[in-house]
Amino acid sequence: MNLHEYQAKAVLRDYGIATPRGVTIAAAAECAAAVDQLGGAAWVAKAQIHAGGRGKAGGVKVCKSVDELTATAQALLGQRLVTYQNAPDGQPVNTLLIEETLPIARELYLSITVDRAAERIGIVASAAGGMDIEEVAAREPEKILRETVNPVTGLMDYQGRNLAFGLGLAGEQIAAFVKLLKGFYRVFIDKDLALLEINPLIVTTDGRLLPLDCKMGVDDNALYRQKALAEQADMSQIDPKEAEAHAHNVNYIALNGNIGCMVNGAGLAMATMDLIKLSGGMPANFLDVGGGATAETVAQAFQIILADSNVKAVLINIFGGIVRCDLIAEGIIQAVKEVGVKVPVVVRLEGTNADKGRELLANSGLAIIAANDLTEAAKRAVEEAK
């Protein structure tokens, strides 16, 4: 689960980490009050969406008058901002963060994430922070600094100093960076984060270090114990079908193809998508109904899949280990009747009570195409989608 920038910075402030002063607004009419609160002669308007690349897409703008700020707010609020990370549909801008401007001497990059190869928490830093950090990582990987944290000792001061030296910091800035990094690390651990990214971490002209931007991603599996963060979830930022699936505890990710997939088990779902691709088709989604799927779950999954107008065929691939195939067949029949499915449905059942499940489908009187194995099912779904 991602947090907006203003939400992430509020978390940092709770840990005593200074951030630029800012005010959130939801309407252009609130600009004047925001300026009165912040003071100064210029302000930065930042569109709050769950995607990077806002600056290059026009979602971050420095304004030097209330009129300019109001015009910027009118242009952004209520619109969808498209960046390279969320193209082609973009995401809605419902909130703007209005911040004070600061005198910037340097822009650095800093992030903390889970390094799955090292099986440890990893810290990444670079002296080349800012909007082009992805290009820097691709063209000049030597500018990317890394440290991994031993889970026994935790983050050590010498690791912070190593990064500070690599970033070209000197004097009191080194101690300030080490303290700041330890604060970020504490937030990462305490809040069960999957990602904490500061880009840029600025050095002001008077030598201060401040997070000018902040992204936080919370591990979904830990939301049950991060209730305060879970309550801040902005479901408008994700695909409506994904939001509906989340509400029904169905694992769904929208893709750009035209063959809807319904599978029980994440590994089997990925294998199913691979076979669709290998057969010349494109999956429209990843959907895992889970090992304990019920007839009701299947019916709900059908509705989510068919909410995508691009879907021209549906492939259902069920392996009955924990779940019984006859129950899944009942759910498929119920869903086809209730939802009014108008696209071809290809079903492959295998495992517990598979024969009984196939019999139920064959006697349903519905236009459901049965397949004996996964390869056959994938090829048939691709043909039907065409």
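**Strands, charges and a pocket**

Modeller: Strand 3 and strand 4 pair in the antiparallel sense, over 4 bridges. Pairing here requires at least two DSSP bridges between the two strands. The elements themselves are DSSP runs numbered from the N terminus: strands are E with at least two residues, helices are H or I with at least four.

Colleague: Before we go on, what am I looking at, and what are the ground rules?

Modeller: This is a predicted model, so local features need pLDDT of at least 70 and side-chain atom pairs count only at pLDDT 80 or more, while totals for chains, interfaces and linings use all residues. Residues are numbered from 1 along each chain as its sequence is written, and side-chain values use heavy atoms, with hydrogens and water left out.

Colleague: OK. Which residue stands opposite Ala 45?

Modeller: Lys 61, in strand 4.

Colleague: And what is the strand order in the open sheet of 4 strands?

Modeller: The order is 2-7-3-4, with antiparallel pairing. Strand 2 (22-25) and strand 4 (60-63) are at the edges; each has a single partner strand, so one side of each has no neighbour in the sheet. On average, neighbouring strands of this sheet are turned by 25° against each other, direction ignored. The axes are lines fitted to C-alpha atoms, for helices over the stretch in contact, and angles run from 0 to 180 degrees between N-to-C directions.

Colleague: Next topic, salt bridges. How many does the structure hold?

Modeller: It holds 17 salt bridges. The criterion is a side-chain nitrogen of Lys or Arg within 4 Å of a carboxyl oxygen of Asp or Glu. One of them is between Lys 9 and Glu 99, at 2.6 Å from N to O. That pair links distant parts of the chain, 90 residues apart, with Lys 9 in helix 1 (residues 5-14) and Glu 99 in strand 7 (residues 96-100).

Colleague: Are Lys 9 and Glu 99 buried or exposed?

Modeller: Lys 9 is buried, and Glu 99 is too. Buried is under 20% relative accessible area, exposed is over 50%, and partly exposed is in between, with a 1.4 Å probe and protein chains only.

Colleague: What else forms a salt bridge with Glu 99?

Modeller: Lys 46 does, with the closest N and O atoms 3.0 Å apart. Lys 46 is in strand 3 (residues 43-47), 53 residues from Glu 99 in strand 7. Lys 46 is buried as well.

Colleague: Pockets now. What is the volume of the largest pocket?

Modeller: About 1400 Å³. The search uses a 1 Å grid over the protein atoms alone: a cavity is a set of points where a 1.4 Å probe fits but cannot get out, and a pocket is an open set with protein on both sides within 12 Å along at least five of seven lines. Grid points are joined across faces, edges and corners, and the volume is the space filled by probe spheres set on the points.

Colleague: Which residues lie nearest its centre?

Modeller: Ile 238, Asp 239, Glu 242, Tyr 252 and Ile 253, out of 37 lining residues; a lining residue has an atom within 4 Å of a point. The elements giving two or more residues to the lining are helix 8 (240-247) and strand 14 (251-254).

Colleague: What about strand 15, is it mostly covered or left open?

Modeller: Mostly covered, with 5 of its 5 residues (259-263) buried. Ile 259, Cys 261 and Val 263 are on one side, Gly 260 and Met 262 on the other. Strand 15 pairs with strand 17 (residues 313-320) in the parallel sense over 5 bridges, and Gly 260 stands opposite Val 314.
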